[in-house]
Amino acid sequence: MKAFAKYAIAAALFTSVAVSDTTSFTIHVIGDSTVCAYKDSAYPQTGWGQIIGSFFDGSRVKINNVAIGGRSSKTFIQEGRLDALQGKVQKGDFIFVQFGHNDRYFGSKSREVPIDSLDYWLNQYITKAKSWGATPVFVSPMIMNTLPRNTFSTKYSTKGEYDVRDHMEALAKKNQIPFVDLNLKSYNGYKSMSGAYISRYQFKYFLKGEYPNYPDGVTNDGTTHFQASGSITHSQWIMEELEEELNASYLSAEAKAQMINLVGAIKPRYDLIVKSNVSNGNGLITHNQKLPAGAPLVLHVSPGSFGKKFKHWADDDCNVVSADSNYYGKTMPGRSITYTAIFEGGSACVKTVHGDEASSSSVAPASSSSVVESSSSFDEAVCFTGVADAAWPSPIDMSKPEVSDGTTDTNHEGFTGIGFYNIANSATSKAVYNVTSDQSASNARVMIRYAFAGTDNRDMKFTIDNGTYDVAFPPTGSWDKWDTTYINDVWVDALDFQLTIQSTVPAGGPNIDMIAFDIKDVYRTGCKPAKVAEVLENSSSSLEVSSSSSAEDTDGIIGRSGPRTAGTMNRIRSGTVNLLGQSVGSRRAPGKYFDLH
């Protein structure tokens with residue numbers, strides 16, 4: 001009865017305030033990697049900012065998604081990203097703000113926001129939005145797939161360690177602006193999901209062969225980033241929270257009127273019913289949902305959890321729609337629909353009576369996101385064109401940065417590519433490189449190949465995306481003798497970013513030849529990902545593994561790739577393992593391969 005009364009009040013608000021069907025506005029979305037838009041090459045990794053546009057009438061609502069991975073409420077402002085919205089935000093627009101994951105990320109002091117400083121940064125989003133005539137909407141950060149799962153609030157648990165949710169709620173009420181409690185919504189929503197379901201179907205955990213973009217699967221990112229079905233779920237929860245906010249007593253009259261415009265532009269949602277033709281209450285299969293016409297439609301089933309061979313998906317007319325246990329790339333029709341996972345030995349498919357598709361705007365609002373522009377003077381000669389070794393699948397030539405306090409030189413032996421970078425002799429010299437990553441990782445490893453003579457270290461700071469790392473560079477003994485050093489636990493998001501190197505001593509830094517990531521598909525912006533030896537050897541077999549067969553494996557177990565053995569690292573350091581998996585002659589072919597000597 002309480003729920004009925006709540007929606008009755010909402011209905012009364014709609015009838016008391018006239019809302020024009022032609023009212024149009026833009027939702028500017030601000031946040032981190034759980035929100036931002038990703039390239040097609042990263043699919044199914046997805047942020048909810050990519051999905052919510054499909055829940056709104058595209059003829060009235062546009063989405064400007066400026067969220068970017070690795071940012072906190074502080075660093076987003078410090079980089080000038082909030083100020084960059086000046087002139088783009090119009091009166092009547094909305095600014096959705098979600099932060100917290102990186103604010104409490106204590107591995108990087110540059111992005112960390114002590115809890116007693118959080119209000120200072122969050123208040124700046126409120127002030128800016130109101131000065132532009134827009135309505136700020138705070139979205140508390142969703143629960144991550146870690147324990148304790150409710151680390152963003154002590155209001156409903158004693159396990160909270162960083163109360164960004166509570167601060168957001170208090171600031172929203174103080175300023176009479178909308179508050180979308182995605183943190184509490186996801187906390188309660190996850191209670192109805194098994195741990196295996198959350199890991200496999202919400203987060204970025206893929207078995208080998210499930211998706212073309214991840215032929216080897218992903219087993220070390222199942223607690224941080226989301227896949228499409230996860231962001232679809234969060235978008236549903238956001239819509240429900242927005243509708244409930246119509247009844248919030250703390251909203252100002254202006255905010256209430258704006259919320260009516262916003263909620264009035266949400267499209268009708270229809271039932272997506274998902275089932276199987278066998279009885280197994282423990283089987284992993286997509287949960288029922290409510291989606292609007294045009295929303296991404298993603299179905300998952302894990303045959304191994306049902307103990308039978310998967311045959312195909314059938315729609316409510318019993319038509320075969322896909323033989324892949326992961327069904328994606330389609331959109332929700334303008335009606336309720338039923339899909340059934342058909343297994344061998346199960347009951348026959350039974351047609352479900354359904355209505356005709358409703359006439360509804362299924363066009364998703366246009367979405368935009370910021371990217372790093374490639375320099376007009378970019379030299380394609382720095383692009384890696386050889387075959388990289390699987391241990392270091394993303395080699396990057398460092399000889400020619402986009403921004404430079406130094407020179408590109410070739411006056412010492414043993415470099416790879418077209419030269420090496422000689423940073424200027426100053427404690428503040430720096431160089432900036434535009435880099436693209438099609439993958440994400442919370443614990444990537446970076447190798448740096450360098451050389452310099454002397455007796456004292458030439459330590460540097462490396463900023464990779466938004467994480468800054470202090471790197472020790474001991475002398476190599478000669479300008480012609482190259483050695484390697486490493487950065488561990490590097491956070492990388494699937495986006496375009498800038499990599500900055502900066503010297504910290506008056507003598508400057510060492511000569512930098514190249515770097516390499518231990519994850520695939522990281523490369524200089526304007527180039528292409530490196531081909532990898534192991535992938536080339538196994539590509540025909542790995543790509544033939546369908547998700548329906550690979551899903552016979554154990555589901556729902558999150559793994560984390562362990563550290564390399566000391567023996568392996570010693571072989572790499574000594575040069576007995578060639579980075580590119582090729583034999584190396586006394587003279588290197590520039591730009592073709594890298595060698596660890």
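**Strand 1 and its partners**

I began with V29, which stands opposite N65 in strand 2 of this predicted model. Strand 1 and strand 2 (residues 61–65) pair in the parallel sense over 5 bridges, where I take two strands as paired if DSSP finds at least two bridges between them. I then turned to strand 3 (residues 94–97), which runs parallel to strand 1 and is joined to it by 4 bridges; here I30 stands opposite V97.

I noted that residues are numbered from 1 along each chain as its sequence is written. Because the model is predicted, local features need pLDDT of at least 70 and side-chain atom pairs count only at pLDDT 80 or more, while totals for chains, interfaces and linings use all residues, and side-chain values use heavy atoms, with hydrogens and water left out.

Is strand 1 buried or exposed? I found 6 of the 6 residues of strand 1 (residues 25–30) buried, so this strand is largely enclosed by the rest of the structure; buried means under 20% relative accessible area, exposed over 50% and partly exposed in between, with a 1.4 Å probe and protein chains only. In a regular strand the side chains alternate between the two faces of the sheet. In strand 1, F25, I27 and V29 point one way and T26, H28 and I30 the other, all of them buried.

**Helix 4 against helix 5**

I looked up the axes of helix 4 (residues 118–131) and helix 5 (residues 164–175), which come within 11 Å and cross at roughly 40°. Axes are lines fitted to C-alpha atoms, for helices over the stretch in contact, and angles run from 0 to 180 degrees between N-to-C directions. The two helices are therefore oblique to each other, given that under 35 degrees counts as roughly parallel, over 145 as roughly antiparallel, 65 to 115 as roughly perpendicular and the rest as oblique.

Which residues meet between helix 4 and helix 5? I listed L118, D119, L122, N123, I126 and K130 from helix 4, meeting V164, H167, M168, L171 and N175 from helix 5, with contact meaning heavy atoms within 4.5 Å. By class, this contact has 6 nonpolar, 3 polar and 2 charged residues.

I next followed helix 8 (residues 228–245), whose axis comes within 9 Å of that of helix 9 (residues 253–264) and crosses it at roughly 140°. In this pair, L242, E243 and E245 of helix 8 meet M259, L262 and V263 of helix 9. Helix 8 also lies across strand 6 and strand 7, running at about 80° to strand 7.

I traced an open sheet of 5 strands with mixed pairing and the order 7-6-12-9-10. Its edge strands are strand 7 (289–292) and strand 10 (320–322), each pairing on one side only, and neighbouring strands are turned by 35° against each other on average, direction ignored.

**Whole protein**

Among contacts between residues at least 6 apart in sequence, 76% join residues at least 24 apart.

Terms used: Nonpolar A, V, L, I, M, F, W, Y, C, P; charged D, E, K, R; others polar.
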